[in-house]
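This report looks at a metal site, at the packing of helices and at some backbone angles. The structure comes first, and the description follows.

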Amino acid sequence: MQLVFEQIRTGGDRNFGYLLGDREARQAVLIDPSYAPELLVQRAQEQHLAVSHIVNTHGHPDHINGNEQAAAMTQASVAAHPAVPTKVDLPLVGGESLKVGILNLRFLHTPGHAADHLVIFEPAYGLLITGDLLFVGKVGGTRSDEDARTEWDSLQRLLAAVPDDATVWPGHDYGIRPSSTIALEKKTNPFLLCSDVDAFIRLKTEWADVKKRYGLK
Ligand SMILES: [Zn+2]
């Protein structure tokens, strides 16, 4: 088992952090350690992995609030969009890739929920870490119709960029299961089933009622 990939509950609002690494190269990154930096660092240490980077999907406090402690414990560099309100050692604006042993993390700029939002894709294993852009059965909240349009564009670019069998690993456990695939989301996620951006914005507006009707959390 060369791949190390752990989805870790970090507390907060059902937040997920991730440990992703190469066991043979003994290298790993932590993604959004947020409320549980000690826990993620401990899992890396237990598996004899050196943490090279702390990666953030976006700059919301519940995703970056563990950076400082995780960095102090590991001497890792913080890799995130330069607009993220934290110390950023490796600025990423999308289009970059980062090697972690045999893994090759590719970054895609996906604004909408947050202007500094990045999605991470590892093509060899088909891992897609979607942050708060795409959840299982949902998408990230937006503050205006303009942001919703931006998010729609990001989702369309994402769907065009990754294969259907990519697995989806979100920033929160908001769905009926903790992870999914792009194929399944295309088939079942009501926001991805919208025929155009206007239907998408309409569904966002009506979402509170839809949730109530189906008893969704
Ligand atoms: Zn967020």
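## Helix packing, zinc site and backbone

Helix α4 passes α6 in a right-handed crossing. The model is a predicted one, and in it the axes of α4, which spans residues 145-161, and α6, which spans residues 197-214, come within 10 Å and cross at roughly 120°. Because of that angle, α4 counts as oblique to α6. On the α4 side the contact involves Asp145, Ala148, Arg149, Glu151, Trp152 and Leu155, which meet Val197, Asp198, Phe200, Ile201 and Lys204 of α6.

A second pair of helices, α1 and α3 (residues 67-74), packs at an angle of about 30°, with the axes 9 Å apart. The angle makes α1 roughly parallel to α3, a class that takes in angles under 35 degrees. Pro37, Glu38 and Val41 of α1 make the contact with Gln69, Ala70, Met73 and Thr74 of α3, and the crossing of α1 and α3 is right-handed. The table sets out the two pairs.

| Helix pair | Angle between axes | Axes |
|---|---|---|
| α4 and α6 | roughly 120° | come within 10 Å |
| α1 and α3 | about 30° | 9 Å apart |

The zinc ion has as its protein donors His58 through NE2, His60 through ND1, His113 through NE2 and Asp132 through OD, and these lie 2.2 to 2.4 Å from the ion. Along the chain, the donors follow the spacing H-x1-H-x52-H-x18-D. Why is the site of the zinc ion not counted as tetrahedral? The angles among the 4 donor atoms run from 89 to 177°, whereas a tetrahedral site needs all angles between 85 and 135 degrees, and the site is therefore classed as irregular.

Most residues other than glycine have a negative phi. Arg26, however, has a positive phi near 60°, and this residue lies in the loop between β2 (15-22) and β3 (27-31). Ser34, which is likewise not a glycine, has a positive phi of about 35° and is found in the loop between β3 and α1 (37-46). Ser34 counts as buried because its relative accessibility is 2%, under the cut-off of 20%.

Methods. Residues are numbered from 1 along each chain as its sequence is written. This is a predicted model: local features need pLDDT of at least 70, side-chain atom pairs count only at pLDDT 80 or more; totals for chains, interfaces and linings use all residues. Side-chain values use heavy atoms; hydrogens and water are left out. Donors are N, O and S atoms within 2.8 Å of the metal (3.2 Å for Na, K and Ca); water is not among the atoms, so sites may look incomplete. Four donors count as tetrahedral if all angles lie between 85 and 135 degrees; four count as square planar and six as octahedral if opposite donors are over 155 degrees apart and all others between 65 and 115; anything else is irregular. Axes are lines fitted to C-alpha atoms, for helices over the stretch in contact, and angles run from 0 to 180 degrees between N-to-C directions. Helices (H or I, at least four residues) and strands (E, at least two) are DSSP runs, numbered from the N terminus. Angles under 35 degrees count as roughly parallel, over 145 as roughly antiparallel, 65 to 115 as roughly perpendicular and the rest as oblique. A crossing is left-handed if the near helix is turned anticlockwise from the far one by less than a right angle, and right-handed if clockwise. Contact means heavy atoms within 4.5 Å. Buried means under 20% relative accessible area, exposed over 50%, partly exposed in between (1.4 Å probe, protein chains only).
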